[in-house]
Structures are given as C-alpha cells and as structure tokens.
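Colleague: Before we discuss this model, could you take me through the terms one at a time, setting each value beside its definition?

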Amino acid sequence: MSFNNYENVLLEEPEEGIAVLTINRPKALNALNLATLKDIGDALREVKGREDIRVVIVTGSGAKSFVAGADIKEMQNDNVTEALKLSKLAHSSFGEIEHLPQFVIAAVNGYALGGGCELACSCDMRIASTNAKVGQPETGLGIIPGFGGTQRLTRVVGRGKAKELIATCDMIDAKEAYRIGLFDEIAEPEELMDKAIEIAHKIMKNAPLSVARAKYSVDRGADLPLDVAIDLESQIWGEMFDTQDQKEGMAAFVEKRPKHFIGK
C-alpha cells in the first residue's frame, strides 16, 4: 500500500513494516517552515493509521543536513501571533511522534540544529552519522528554542547540559553528542540507514502491542511522580496478560519454538 505524496517530505516504505520519513528541502538544508511542519504532522498521522508499519525512520534529504533548524528567512519578520502559531504547529507535529504506536528512530545524517535537534529529541532513539553536528543556536538569534528544546533536550541530556547547550549555542559533533547521551548510536555516513534498519528489524521481532505500550509507559511515566508512574506500569503489565501475543510469546518460549505475533 503506497503513501500519499507531500510537497516537503517523502514518505516511503523501503521494505515491509518500515516507513521512512525524509524531510525533503535540500536546497534549504531541510529547514522547517510552516508548510514543512504541516507535512510532517500529516505524514505521521497517515503512518499512525497503518497497522502494518512497525517502525518509522526519520531522516533528512541529502548528505549534509538532517534539519538545519527553522526557516529564519520565513520567520524573521513574524509578530508574536505568527511566532506562536509556528511554535504550536511544531509542537503538534513533533507530538505526533510521541503519540505514534510505532517506534520512531531519528537517523541524523548531518546538521541537526535548532528545530532539527528538537525533532530528533522527539523521536524514541537517535542514530547519527559521524559527520553529524548538533546544537541549539536560538539564544544567539534573540529567541529561545520554541519547538520543544527547553523540555525534550532536558529530558534527554539532563537539566545542566541542556542549559549549557542552549545558553552557549555550542555546536557539538557526533562523538560528543554520543558521550552526553544525546545520540544513542553512531555510524559512518554510508552505513547510517543500514544501522537504522538493523535496529528496526530487532524491534519488529517483538510483539507490536508490547512495544507500543512500553513506549507509552516510558513516555507517560517520565512526566509523573514515581509512585504514580509505577502504578501506570503495573496497570499496563496486567493488561498485557489479556492479549493474544502474551499467550503466544510465553507459549513459544516454553515450547522452544519461533514466535508469531499478530499485534492483538
């Protein structure tokens, strides 16, 4: 089943069960404008309705940039209302990633600055090429991160490091980003997508509903007091024992045979 066409993103299924969402504005280093943010949200909502898609890989077009940030030329003369509209649209589109039942991998293939870093942080994990550069340059432009950077970056690397990156506008390389936990894996540029697909295959071996509910438990629980989050985990744990995949997974383990999950 093919996907819809979008002006600023490509949505493809290179193999069964995997969707690749490519930000496709290479002449602008894949910078995010209103139209692109809308396309991202629309494409993710399309993926959400596809039960056959298990993993989504988000990347940028070309060899130089994942997403170089928001489109400064488009927004430099925005007033307060227009700036707020842009920020809210980014929050809505990036929020779709967290609401997807599918696991989302950012394949960071170059510059991930400003909105690019914020897009990557909204994904479930981040794999980067060795030539990737990442940073939050907004305070050097007289603004602050407005696409989730002050919140998601903090949750990924911790409060102190997030404040440092935002206040200094430092652009760090892939090795340093990996050291501080911003990137989860690093690969050579020509091996980046192969690495992302390799991890996708590992995820796809496991029960679809279990992966989706585990993702929800981690994301939702991170915003709750520990005792409430533990209760949430227990509730979801119990609910899984009413699924066919739980019966299949445990039976296959006991019987020492391959598992055949159906996502129910």
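Modeller: Let us begin with the word pocket, which here stands for an open set of grid points with protein on both sides within 12 Å along at least five of seven lines. The model is a predicted one, and its largest pocket holds about 800 Å³ of space.

Colleague: What makes a residue part of the lining of the largest pocket, and how many residues line it?

Modeller: A lining residue has an atom within 4 Å of a point of the pocket, and 27 residues line the largest pocket. Glu-98, Lys-215, Val-218, Asp-219 and Arg-220 are the ones that lie nearest its centre. Helix 9 gives the largest share of this lining, nine residues, while helix 3, helix 4, helix 5 and helix 9 each supply at least two.

Colleague: How do you know which residues of that lining are charged, and how many are there?

Modeller: Asp, Glu, Lys and Arg count as charged, and by that rule the lining of the largest pocket divides into ten charged, five polar and twelve nonpolar residues.

Colleague: Why are helix 4 and helix 5 called oblique to each other?

Modeller: Helix 4 (residues 115-122) and helix 5 (residues 149-157) pack at an angle of about 55°, with their axes 9 Å apart. Angles under 35 degrees count as roughly parallel, 65 to 115 as roughly perpendicular and over 145 as roughly antiparallel, and the rest are oblique. The two helices are therefore oblique to each other. Their contact involves Cys-117, Glu-118, Cys-121 and Ser-122 of helix 4, together with Gly-149, Arg-152, Leu-153 and Val-156 of helix 5. These contact residues divide into four nonpolar, two polar and two charged.

Colleague: Why is helix 1 described as roughly parallel to helix 3?

Modeller: The axes of helix 1 (residues 34-48) and helix 3 cross at roughly 25° and come within 9 Å. Because angles under 35 degrees count as roughly parallel, helix 1 is roughly parallel to helix 3.

Colleague: What makes residues of these two helices count as being in contact, and which residues of helix 1 meet helix 3?

Modeller: Contact means heavy atoms within 4.5 Å, and the residues of helix 1 that meet helix 3 are Leu-34, Leu-37, Lys-38, Ile-40, Gly-41, Leu-44, Arg-45 and Lys-48. Among their partners in helix 3 are Leu-86, Ala-90, Phe-94 and Ile-97. The residues of this contact divide into nine nonpolar, four polar and four charged.

Notes. Residues numbered from 1 in each chain as written. Predicted model: local features only at pLDDT ≥ 70, side-chain atom pairs only at ≥ 80, totals over all residues. Heavy atoms only, no water. Axes fitted to C-alpha atoms, helices over the stretch in contact; angles between N-to-C directions. Helix = DSSP H or I, 4+ residues; strand = E, 2+ residues; numbered from the N terminus. 1 Å grid on protein atoms, 1.4 Å probe; cavity = no way out; pocket = protein on both sides within 12 Å on 5 of 7 lines; lining within 4 Å. Points joined across faces, edges and corners; volume = space filled by probe spheres on them.
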